[in-house]
Amino acid sequence: MVSAQRERENKYDVGLDFLVPDLGGLVPAGGRIEAGEVNLTSDYYDTADWDLLRQHLTLRRRTGDTDTGWQFKVPSDKARTELRVPAADGETVPDELAALVTGIGLGKPLHQVAALSTRRHTHRLVDRDGKLLAEVADDLVHATVGGDAAAVSQWREVEVELGDHGDESLLTRIDKRLTRAGAGPSPHASKLARALAGNQYPRGAAEGSTTAERALTEYLDAQVQAIVAGDVWLRRGLDPIHATRVGIRRFRSTLRVFSKLLDAEARTNLDAELSWYAGVLGEVRDRQVQRKRFAEKVADLPDELVMGPVAARIENDLLAEQHRHLDHAMAALDGDRYRTLLDTLAQWRTDPPFLAPPAPRSITKATRKAGRKAEKRLTTAVAGTDDAALHRARKAAKRARYAAELAAPILGKKKAKKKVATYKKIQQVLGEHQDSVVAADTLRALGARAGTTPGENGFAFGLLYGLELQAARRAREDAARLAR
(Lines give C-alpha, C1' and ligand atoms only; values in the text may rest on other atoms or scores of the structure.)
Protein backbone atom coordinates (compact mmCIF):
# COMPACT_ATOMS: atom_id res chain seq x y z
CA MET A 1 0.00 0.00 0.00
CA VAL A 2 1.33 3.43 -0.96
CA SER A 3 1.43 6.14 1.72
CA ALA A 4 2.32 9.79 1.18
CA GLN A 5 4.21 12.35 3.23
CA ARG A 6 4.69 16.02 2.38
CA GLU A 7 8.27 17.23 2.90
CA ARG A 8 9.83 20.68 3.22
CA GLU A 9 13.59 20.41 3.11
CA ASN A 10 16.68 22.56 2.52
CA LYS A 11 20.00 21.06 1.44
CA TYR A 12 23.47 22.52 2.01
CA ASP A 13 26.95 21.74 0.70
CA VAL A 14 29.64 21.71 3.40
CA GLY A 15 33.31 20.79 3.63
CA LEU A 16 34.58 17.62 5.26
CA ASP A 17 35.73 19.67 8.28
CA PHE A 18 32.40 21.50 8.73
CA LEU A 19 31.07 21.83 12.27
CA VAL A 20 27.31 22.03 12.82
CA PRO A 21 26.73 25.25 14.78
CA ASP A 22 25.05 25.43 18.16
CA LEU A 23 21.30 25.19 17.58
CA GLY A 24 20.41 26.14 21.13
CA GLY A 25 17.88 28.92 21.42
CA LEU A 26 15.92 27.68 18.40
CA VAL A 27 13.59 25.47 20.43
CA PRO A 28 10.74 26.87 22.55
CA ALA A 29 10.77 26.86 26.34
CA GLY A 30 10.74 23.29 27.59
CA GLY A 31 11.92 21.95 24.26
CA ARG A 32 15.20 20.16 23.61
CA ILE A 33 17.62 18.95 20.96
CA GLU A 34 17.97 15.18 20.60
CA ALA A 35 21.19 13.93 19.02
CA GLY A 36 21.49 10.58 17.27
CA GLU A 37 23.47 8.61 14.71
CA VAL A 38 22.36 6.12 12.08
CA ASN A 39 23.87 4.34 9.10
CA LEU A 40 21.73 4.33 5.94
CA THR A 41 21.94 2.39 2.69
CA SER A 42 20.01 3.61 -0.36
CA ASP A 43 19.79 1.75 -3.68
CA TYR A 44 18.50 4.02 -6.47
CA TYR A 45 16.48 2.79 -9.45
CA ASP A 46 15.98 4.42 -12.84
CA THR A 47 15.90 3.63 -16.53
CA ALA A 48 19.14 3.18 -18.47
CA ASP A 49 18.65 6.73 -19.80
CA TRP A 50 18.02 8.31 -16.36
CA ASP A 51 14.49 9.30 -17.36
CA LEU A 52 13.30 9.67 -13.76
CA LEU A 53 16.20 11.84 -12.72
CA ARG A 54 15.86 13.96 -15.87
CA GLN A 55 12.45 14.89 -14.47
CA HIS A 56 13.89 15.48 -10.97
CA LEU A 57 12.30 12.33 -9.51
CA THR A 58 14.09 9.70 -7.44
CA LEU A 59 13.12 6.13 -6.63
CA ARG A 60 15.07 4.25 -3.99
CA ARG A 61 15.07 1.30 -1.62
CA ARG A 62 16.38 2.29 1.80
CA THR A 63 17.53 0.28 4.82
CA GLY A 64 19.02 1.33 8.13
CA ASP A 65 16.45 3.49 9.92
CA THR A 66 12.73 4.03 10.45
CA ASP A 67 12.39 4.98 6.77
CA THR A 68 13.22 1.44 5.66
CA GLY A 69 11.32 0.59 2.50
CA TRP A 70 10.74 1.94 -1.01
CA GLN A 71 10.52 5.72 -1.45
CA PHE A 72 9.51 7.72 -4.52
CA LYS A 73 10.13 11.48 -4.24
CA VAL A 74 8.02 13.88 -6.33
CA PRO A 75 8.92 17.60 -6.08
CA SER A 76 6.42 20.39 -6.67
CA ASP A 77 6.47 24.08 -5.75
CA LYS A 78 8.65 24.63 -2.67
CA ALA A 79 8.06 21.20 -1.18
CA ARG A 80 7.94 17.61 -2.32
CA THR A 81 5.89 14.53 -1.62
CA GLU A 82 7.48 11.24 -0.67
CA LEU A 83 5.46 8.15 -1.59
CA ARG A 84 6.35 5.09 0.46
CA VAL A 85 5.85 1.36 0.18
CA PRO A 86 7.01 -1.00 2.96
CA ALA A 87 10.09 -3.13 2.30
CA ALA A 88 9.53 -6.51 0.70
CA ASP A 89 11.77 -9.43 -0.16
CA GLY A 90 13.84 -9.04 -3.31
CA GLU A 91 15.05 -6.05 -5.30
CA THR A 92 12.13 -5.71 -7.73
CA VAL A 93 10.35 -2.36 -7.72
CA PRO A 94 6.89 -2.86 -6.14
CA ASP A 95 4.05 -2.91 -8.64
CA GLU A 96 2.38 0.07 -6.94
CA LEU A 97 5.40 2.30 -7.60
CA ALA A 98 6.25 0.81 -10.99
CA ALA A 99 2.76 1.82 -12.17
CA LEU A 100 3.31 5.41 -11.02
CA VAL A 101 6.59 5.86 -12.88
CA THR A 102 5.66 4.16 -16.14
CA GLY A 103 4.86 7.48 -17.82
CA ILE A 104 7.89 9.41 -16.58
CA GLY A 105 10.05 6.38 -17.31
CA LEU A 106 8.66 6.34 -20.88
CA GLY A 107 7.69 2.68 -20.45
CA LYS A 108 11.33 1.55 -20.10
CA PRO A 109 12.46 -1.08 -17.57
CA LEU A 110 13.85 0.03 -14.22
CA HIS A 111 17.05 -1.27 -12.67
CA GLN A 112 19.48 -0.30 -9.94
CA VAL A 113 21.72 2.57 -11.07
CA ALA A 114 23.52 3.64 -7.90
CA ALA A 115 24.18 2.72 -4.28
CA LEU A 116 24.72 5.30 -1.53
CA SER A 117 25.75 4.69 2.06
CA THR A 118 25.35 7.51 4.56
CA ARG A 119 26.58 7.99 8.10
CA ARG A 120 24.05 10.45 9.49
CA HIS A 121 24.34 12.51 12.66
CA THR A 122 20.92 13.92 13.53
CA HIS A 123 19.91 16.93 15.61
CA ARG A 124 16.16 16.76 16.27
CA LEU A 125 14.53 19.94 17.54
CA VAL A 126 11.44 19.01 19.58
CA ASP A 127 9.02 20.98 21.72
CA ARG A 128 8.14 20.32 25.36
CA ASP A 129 5.72 17.55 24.30
CA GLY A 130 8.35 15.78 22.21
CA LYS A 131 6.77 16.86 18.90
CA LEU A 132 9.23 17.27 16.04
CA LEU A 133 9.83 20.85 14.89
CA ALA A 134 12.76 20.20 12.56
CA GLU A 135 15.62 17.79 11.99
CA VAL A 136 19.14 18.83 11.02
CA ALA A 137 20.99 15.88 9.47
CA ASP A 138 24.78 16.00 9.04
CA ASP A 139 25.54 13.39 6.35
CA LEU A 140 28.81 11.81 5.26
CA VAL A 141 27.93 10.16 1.94
CA HIS A 142 29.75 7.45 -0.01
CA ALA A 143 28.32 6.89 -3.51
CA THR A 144 28.89 4.26 -6.18
CA VAL A 145 27.30 4.88 -9.57
CA GLY A 146 27.04 2.04 -12.08
CA GLY A 147 27.81 2.14 -15.79
CA ASP A 148 30.60 1.07 -18.08
CA ALA A 149 33.02 1.98 -15.29
CA ALA A 150 31.76 2.42 -11.73
CA ALA A 151 32.31 5.93 -10.34
CA VAL A 152 32.92 6.37 -6.61
CA SER A 153 32.66 9.65 -4.71
CA GLN A 154 32.39 10.93 -1.15
CA TRP A 155 31.16 14.20 0.35
CA ARG A 156 29.41 15.83 3.29
CA GLU A 157 26.13 17.68 3.19
CA VAL A 158 23.53 18.97 5.63
CA GLU A 159 19.79 18.48 5.24
CA VAL A 160 17.23 20.46 7.23
CA GLU A 161 13.73 19.04 7.16
CA LEU A 162 10.75 20.78 8.69
CA GLY A 163 8.79 18.63 11.13
CA ASP A 164 5.02 18.33 11.29
CA HIS A 165 4.91 20.85 14.14
CA GLY A 166 7.49 23.35 12.87
CA ASP A 167 6.98 26.49 10.78
CA GLU A 168 8.81 28.25 7.96
CA SER A 169 10.37 30.81 10.30
CA LEU A 170 12.30 28.02 12.03
CA LEU A 171 13.83 26.98 8.71
CA THR A 172 14.88 30.60 8.16
CA ARG A 173 16.58 30.81 11.56
CA ILE A 174 18.39 27.50 11.07
CA ASP A 175 19.48 28.67 7.62
CA LYS A 176 21.09 31.80 9.10
CA ARG A 177 23.12 29.76 11.59
CA LEU A 178 24.28 27.25 8.99
CA THR A 179 25.19 30.01 6.53
CA ARG A 180 27.25 31.87 9.13
CA ALA A 181 29.07 28.60 9.87
CA GLY A 182 30.09 28.26 6.20
CA ALA A 183 27.33 26.10 4.69
CA GLY A 184 26.06 27.01 1.21
CA PRO A 185 22.82 26.10 -0.59
CA SER A 186 23.26 22.89 -2.55
CA PRO A 187 22.74 23.15 -6.30
CA HIS A 188 21.82 19.46 -6.38
CA ALA A 189 18.20 18.35 -6.10
CA SER A 190 19.14 15.03 -4.49
CA LYS A 191 22.06 12.93 -3.32
CA LEU A 192 21.81 10.94 -6.52
CA ALA A 193 22.14 14.11 -8.60
CA ARG A 194 25.20 15.04 -6.54
CA ALA A 195 26.72 11.60 -7.14
CA LEU A 196 26.28 12.14 -10.87
CA ALA A 197 27.78 15.66 -10.90
CA GLY A 198 30.45 15.86 -13.57
CA ASN A 199 28.99 13.29 -15.94
CA GLN A 200 26.34 13.69 -18.63
CA TYR A 201 23.35 14.19 -16.32
CA PRO A 202 21.77 17.62 -17.16
CA ARG A 203 21.35 19.97 -14.22
CA GLY A 204 19.68 23.12 -15.52
CA ALA A 205 21.04 26.53 -16.48
CA ALA A 206 24.81 26.35 -16.60
CA GLU A 207 27.07 28.35 -14.32
CA GLY A 208 27.86 31.68 -15.90
CA SER A 209 24.50 31.86 -17.68
CA THR A 210 22.83 35.26 -17.85
CA THR A 211 20.11 36.38 -15.47
CA ALA A 212 17.70 36.33 -18.41
CA GLU A 213 18.67 32.80 -19.37
CA ARG A 214 18.24 31.57 -15.79
CA ALA A 215 14.86 33.32 -15.52
CA LEU A 216 13.55 31.61 -18.64
CA THR A 217 15.04 28.19 -17.88
CA GLU A 218 13.89 28.13 -14.27
CA TYR A 219 10.37 29.30 -15.16
CA LEU A 220 10.00 26.61 -17.82
CA ASP A 221 11.47 24.04 -15.44
CA ALA A 222 8.86 24.88 -12.79
CA GLN A 223 6.02 24.41 -15.28
CA VAL A 224 7.37 21.04 -16.40
CA GLN A 225 7.54 20.02 -12.75
CA ALA A 226 3.81 20.75 -12.41
CA ILE A 227 3.08 18.63 -15.49
CA VAL A 228 5.29 15.78 -14.28
CA ALA A 229 3.75 15.80 -10.80
CA GLY A 230 0.33 15.79 -12.45
CA ASP A 231 1.23 12.59 -14.31
CA VAL A 232 2.06 10.83 -11.04
CA TRP A 233 -1.01 12.10 -9.20
CA LEU A 234 -3.34 11.13 -12.04
CA ARG A 235 -1.98 7.60 -11.93
CA ARG A 236 -2.62 7.58 -8.16
CA GLY A 237 -6.27 8.37 -8.81
CA LEU A 238 -6.01 11.95 -7.51
CA ASP A 239 -7.14 15.14 -9.23
CA PRO A 240 -4.22 17.34 -10.37
CA ILE A 241 -5.91 18.40 -13.60
CA HIS A 242 -6.27 22.10 -12.81
CA ALA A 243 -2.66 22.47 -11.60
CA THR A 244 -1.40 20.54 -14.61
CA ARG A 245 -3.32 22.73 -17.05
CA VAL A 246 -2.03 25.89 -15.35
CA GLY A 247 1.53 24.59 -15.82
CA ILE A 248 0.79 23.94 -19.48
CA ARG A 249 -0.73 27.41 -19.93
CA ARG A 250 2.29 29.09 -18.36
CA PHE A 251 4.65 27.07 -20.55
CA ARG A 252 2.74 27.81 -23.76
CA SER A 253 2.50 31.48 -22.82
CA THR A 254 6.28 31.60 -22.47
CA LEU A 255 6.71 29.99 -25.89
CA ARG A 256 4.59 32.70 -27.46
CA VAL A 257 5.64 35.82 -25.59
CA PHE A 258 9.35 35.03 -25.90
CA SER A 259 9.10 33.36 -29.31
CA LYS A 260 11.92 35.44 -30.84
CA LEU A 261 14.39 33.94 -28.37
CA LEU A 262 13.62 30.31 -29.25
CA ASP A 263 14.09 28.03 -32.23
CA ALA A 264 10.92 28.41 -34.29
CA GLU A 265 10.46 24.77 -35.32
CA ALA A 266 11.08 23.35 -31.85
CA ARG A 267 8.81 25.97 -30.27
CA THR A 268 5.96 25.44 -32.74
CA ASN A 269 6.05 21.65 -32.45
CA LEU A 270 6.06 21.69 -28.65
CA ASP A 271 3.28 24.27 -28.50
CA ALA A 272 1.08 22.05 -30.68
CA GLU A 273 1.67 19.00 -28.48
CA LEU A 274 1.04 20.92 -25.26
CA SER A 275 -2.17 22.27 -26.81
CA TRP A 276 -3.26 18.71 -27.59
CA TYR A 277 -2.63 17.49 -24.04
CA ALA A 278 -4.28 20.57 -22.50
CA GLY A 279 -7.34 19.83 -24.63
CA VAL A 280 -7.50 16.24 -23.41
CA LEU A 281 -7.42 17.38 -19.78
CA GLY A 282 -9.69 20.34 -20.49
CA GLU A 283 -12.62 18.12 -21.37
CA VAL A 284 -12.45 16.66 -17.86
CA ARG A 285 -11.87 20.01 -16.17
CA ASP A 286 -14.81 21.69 -17.93
CA ARG A 287 -17.22 19.10 -16.51
CA GLN A 288 -15.74 19.44 -13.04
CA VAL A 289 -16.19 23.21 -13.07
CA GLN A 290 -19.71 23.03 -14.47
CA ARG A 291 -20.91 20.40 -12.00
CA LYS A 292 -19.80 22.58 -9.09
CA ARG A 293 -21.12 25.77 -10.64
CA PHE A 294 -24.55 24.38 -11.50
CA ALA A 295 -24.98 22.61 -8.16
CA GLU A 296 -24.48 25.95 -6.39
CA LYS A 297 -26.81 27.77 -8.78
CA VAL A 298 -29.61 25.21 -8.33
CA ALA A 299 -29.21 25.29 -4.55
CA ASP A 300 -29.68 29.07 -4.62
CA LEU A 301 -33.01 28.85 -6.49
CA PRO A 302 -36.29 28.88 -4.52
CA ASP A 303 -37.66 25.36 -4.21
CA GLU A 304 -40.85 26.21 -6.11
CA LEU A 305 -38.80 27.15 -9.18
CA VAL A 306 -36.89 23.88 -9.33
CA MET A 307 -39.34 21.75 -11.28
CA GLY A 308 -38.38 18.16 -11.80
CA PRO A 309 -35.08 16.34 -11.06
CA VAL A 310 -32.93 19.28 -12.17
CA ALA A 311 -29.94 18.62 -9.92
CA ALA A 312 -29.97 14.92 -10.80
CA ARG A 313 -30.10 15.66 -14.54
CA ILE A 314 -27.12 18.02 -14.28
CA GLU A 315 -25.04 15.74 -12.07
CA ASN A 316 -25.75 12.51 -13.92
CA ASP A 317 -25.19 13.90 -17.41
CA LEU A 318 -22.06 15.87 -16.62
CA LEU A 319 -20.54 13.21 -14.37
CA ALA A 320 -21.01 10.59 -17.09
CA GLU A 321 -19.27 12.88 -19.58
CA GLN A 322 -16.49 13.60 -17.07
CA HIS A 323 -15.80 9.89 -16.53
CA ARG A 324 -15.76 9.27 -20.27
CA HIS A 325 -13.24 12.04 -20.87
CA LEU A 326 -11.15 10.94 -17.88
CA ASP A 327 -10.93 7.43 -19.34
CA HIS A 328 -9.70 8.99 -22.57
CA ALA A 329 -7.12 11.03 -20.67
CA MET A 330 -5.82 7.99 -18.79
CA ALA A 331 -5.48 6.09 -22.06
CA ALA A 332 -3.54 9.03 -23.52
CA LEU A 333 -1.02 8.81 -20.63
CA ASP A 334 0.12 5.41 -21.92
CA GLY A 335 0.30 6.44 -25.56
CA ASP A 336 3.41 7.10 -27.65
CA ARG A 337 2.37 10.70 -28.37
CA TYR A 338 2.26 11.58 -24.68
CA ARG A 339 5.55 9.83 -23.91
CA THR A 340 7.22 11.74 -26.72
CA LEU A 341 5.86 14.95 -25.17
CA LEU A 342 7.36 14.06 -21.78
CA ASP A 343 10.70 13.24 -23.38
CA THR A 344 10.70 16.62 -25.15
CA LEU A 345 9.81 18.47 -21.94
CA ALA A 346 12.70 16.77 -20.13
CA GLN A 347 15.06 18.24 -22.70
CA TRP A 348 13.51 21.71 -22.55
CA ARG A 349 13.60 21.99 -18.78
CA THR A 350 17.41 21.94 -18.75
CA ASP A 351 18.36 23.01 -22.27
CA PRO A 352 15.76 25.20 -24.03
CA PRO A 353 16.66 25.76 -27.71
CA PHE A 354 17.69 29.40 -27.40
CA LEU A 355 18.76 31.07 -30.63
CA ALA A 356 21.32 33.00 -28.57
CA PRO A 357 21.88 33.64 -24.85
CA PRO A 358 18.87 35.79 -23.85
CA ALA A 359 19.64 39.32 -22.66
CA PRO A 360 17.69 41.18 -19.96
CA ARG A 361 16.62 43.77 -22.53
CA SER A 362 14.95 41.07 -24.66
CA ILE A 363 12.95 39.89 -21.63
CA THR A 364 11.74 43.36 -20.68
CA LYS A 365 10.90 44.20 -24.29
CA ALA A 366 8.81 41.05 -24.78
CA THR A 367 7.09 41.55 -21.43
CA ARG A 368 6.11 45.14 -22.28
CA LYS A 369 4.83 44.02 -25.68
CA ALA A 370 2.65 41.35 -24.04
CA GLY A 371 1.20 43.99 -21.72
CA ARG A 372 0.40 46.38 -24.53
CA LYS A 373 -1.26 43.60 -26.50
CA ALA A 374 -3.45 42.64 -23.53
CA GLU A 375 -4.56 46.24 -23.00
CA LYS A 376 -5.28 46.77 -26.70
CA ARG A 377 -7.33 43.58 -26.96
CA LEU A 378 -9.32 44.50 -23.87
CA THR A 379 -10.11 47.98 -25.19
CA THR A 380 -11.18 46.60 -28.57
CA ALA A 381 -13.28 43.79 -27.05
CA VAL A 382 -15.32 45.94 -24.66
CA ALA A 383 -16.11 48.37 -27.49
CA GLY A 384 -18.00 45.63 -29.33
CA THR A 385 -20.37 42.76 -28.54
CA ASP A 386 -18.33 39.75 -29.68
CA ASP A 387 -17.88 37.20 -26.87
CA ALA A 388 -14.95 35.63 -28.72
CA ALA A 389 -13.10 38.97 -28.62
CA LEU A 390 -13.37 39.05 -24.84
CA HIS A 391 -12.04 35.51 -24.69
CA ARG A 392 -9.04 36.52 -26.81
CA ALA A 393 -8.45 39.47 -24.49
CA ARG A 394 -8.53 37.11 -21.53
CA LYS A 395 -5.85 34.90 -23.08
CA ALA A 396 -3.70 37.95 -23.80
CA ALA A 397 -4.05 39.06 -20.16
CA LYS A 398 -2.90 35.62 -19.01
CA ARG A 399 0.17 35.82 -21.23
CA ALA A 400 1.00 39.29 -19.91
CA ARG A 401 0.59 38.07 -16.33
CA TYR A 402 2.80 35.02 -16.82
CA ALA A 403 5.44 37.08 -18.63
CA ALA A 404 5.62 39.43 -15.65
CA GLU A 405 6.00 36.45 -13.31
CA LEU A 406 8.92 35.15 -15.36
CA ALA A 407 10.54 38.59 -15.66
CA ALA A 408 10.52 39.32 -11.92
CA PRO A 409 14.30 38.76 -11.50
CA ILE A 410 14.88 41.39 -14.20
CA LEU A 411 12.04 43.87 -13.61
CA GLY A 412 12.35 43.71 -9.84
CA LYS A 413 9.89 41.97 -7.53
CA LYS A 414 7.85 45.08 -6.70
CA LYS A 415 7.31 46.14 -10.30
CA ALA A 416 6.61 42.59 -11.46
CA LYS A 417 4.14 42.02 -8.62
CA LYS A 418 2.19 45.12 -9.62
CA LYS A 419 1.99 43.98 -13.25
CA VAL A 420 0.93 40.48 -12.22
CA ALA A 421 -1.87 41.88 -10.03
CA THR A 422 -3.15 44.12 -12.84
CA TYR A 423 -3.36 41.39 -15.47
CA LYS A 424 -4.63 38.82 -12.99
CA LYS A 425 -7.61 41.07 -12.25
CA ILE A 426 -8.38 41.40 -15.96
CA GLN A 427 -8.00 37.63 -16.37
CA GLN A 428 -10.41 36.94 -13.51
CA VAL A 429 -13.13 39.31 -14.76
CA LEU A 430 -12.91 37.99 -18.31
CA GLY A 431 -12.80 34.46 -16.93
CA GLU A 432 -16.13 35.05 -15.23
CA HIS A 433 -17.53 36.20 -18.56
CA GLN A 434 -16.22 33.16 -20.40
CA ASP A 435 -17.48 30.77 -17.71
CA SER A 436 -20.97 32.23 -18.05
CA VAL A 437 -20.92 31.99 -21.85
CA VAL A 438 -19.84 28.33 -21.75
CA ALA A 439 -22.30 27.58 -18.93
CA ALA A 440 -25.19 29.08 -20.92
CA ASP A 441 -24.45 26.82 -23.89
CA THR A 442 -24.32 23.76 -21.64
CA LEU A 443 -27.59 24.67 -19.90
CA ARG A 444 -29.34 25.09 -23.23
CA ALA A 445 -28.32 21.55 -24.23
CA LEU A 446 -29.32 20.08 -20.85
CA GLY A 447 -32.65 21.91 -20.94
CA ALA A 448 -33.41 20.57 -24.40
CA ARG A 449 -32.90 17.00 -23.18
CA ALA A 450 -34.98 17.56 -20.06
CA GLY A 451 -37.77 19.14 -22.08
CA THR A 452 -38.24 15.99 -24.17
CA THR A 453 -37.94 13.50 -21.26
CA PRO A 454 -41.11 12.30 -19.46
CA GLY A 455 -41.26 13.56 -15.86
CA GLU A 456 -38.93 16.49 -16.57
CA ASN A 457 -39.23 19.98 -18.04
CA GLY A 458 -36.82 22.67 -19.11
CA PHE A 459 -38.16 25.54 -16.97
CA ALA A 460 -35.37 25.61 -14.37
CA PHE A 461 -32.73 25.21 -17.07
CA GLY A 462 -34.17 28.21 -18.90
CA LEU A 463 -34.11 30.19 -15.67
CA LEU A 464 -30.47 29.24 -15.02
CA TYR A 465 -29.68 30.10 -18.63
CA GLY A 466 -31.05 33.59 -18.14
CA LEU A 467 -29.04 34.05 -14.95
CA GLU A 468 -25.85 33.11 -16.77
CA LEU A 469 -26.58 35.66 -19.50
CA GLN A 470 -27.02 38.29 -16.78
CA ALA A 471 -23.72 37.27 -15.20
CA ALA A 472 -22.00 37.54 -18.58
CA ARG A 473 -23.37 41.08 -19.04
CA ARG A 474 -22.15 42.12 -15.58
CA ALA A 475 -18.70 40.72 -16.32
CA ARG A 476 -18.60 42.64 -19.62
CA GLU A 477 -19.47 45.85 -17.74
CA ASP A 478 -16.73 45.15 -15.17
CA ALA A 479 -14.27 44.57 -18.01
CA ALA A 480 -15.23 47.89 -19.60
CA ARG A 481 -14.41 49.67 -16.34
CA LEU A 482 -10.98 47.99 -16.26
CA ALA A 483 -10.28 49.21 -19.79
CA ARG A 484 -10.71 52.89 -18.87
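This is a predicted model: local features need pLDDT of at least 70, side-chain atom pairs count only at pLDDT 80 or more; totals for chains, interfaces and linings use all residues.

Reader: How many helices and strands does the chain have, and what box do its C-alpha atoms fill?

Author: The chain has 14 helices and 10 strands, and its C-alpha atoms, taken along the principal axes, fill a box of roughly 75 × 55 × 55 Å.

Reader: What share of the residues counts as buried, and what share of the contacts joins residues 24 or more positions apart?

Author: A residue is called buried when its relative accessible area is under 20%. Here 47% of the 484 residues of the chain count as buried, while residues 24 or more positions apart account for 73% of the contacts with a separation of 6 or more.

Reader: What can be said of the accessible surface and of the positive and negative side chains?

Author: The accessible surface of the chain comes to about 23,500 Å², and carbon and sulfur atoms hold 50% of that area. As for charge, there are 76 positive and 67 negative side chains, with the centres of the two sets 9 Å apart.

Reader: How many cavities does a search of the whole structure find, and which residues line the largest cavity?

Author: A cavity is a space where a 1.4 Å probe fits but cannot get out. The search finds 2 cavities of 30 Å³ or more, and the largest cavity holds about 40 Å³ of space. Its lining consists of D51, R54, Q55, I104, L106, L342, D343 and A346.

Reader: Which helix gives the most to that lining?

Author: Both α1 (51-54) and α9 (336-350) supply at least two lining residues each, and α9 gives the most, with 3 residues.

Note on methods: Residues are numbered from 1 along each chain as its sequence is written. Side-chain values use heavy atoms; hydrogens and water are left out. Helices (H or I, at least four residues) and strands (E, at least two) are DSSP runs, numbered from the N terminus. Buried means under 20% relative accessible area, exposed over 50%, partly exposed in between (1.4 Å probe, protein chains only). Contact means heavy atoms within 4.5 Å. Accessible areas come from the Shrake-Rupley method with a 1.4 Å probe; for residues, only the protein chains shown count as cover. Lys and Arg count as positive and Asp and Glu as negative; His and the chain ends are not counted. The place of a charge is taken as NZ of Lys, CZ of Arg, CG of Asp or CD of Glu. On a 1 Å grid over the protein atoms alone, a cavity is a set of points where a 1.4 Å probe fits but cannot get out, and a pocket is an open set with protein on both sides within 12 Å along at least five of seven lines; lining residues have an atom within 4 Å of a point. Grid points are joined across faces, edges and corners, and a volume is the space filled by probe spheres set on the points.
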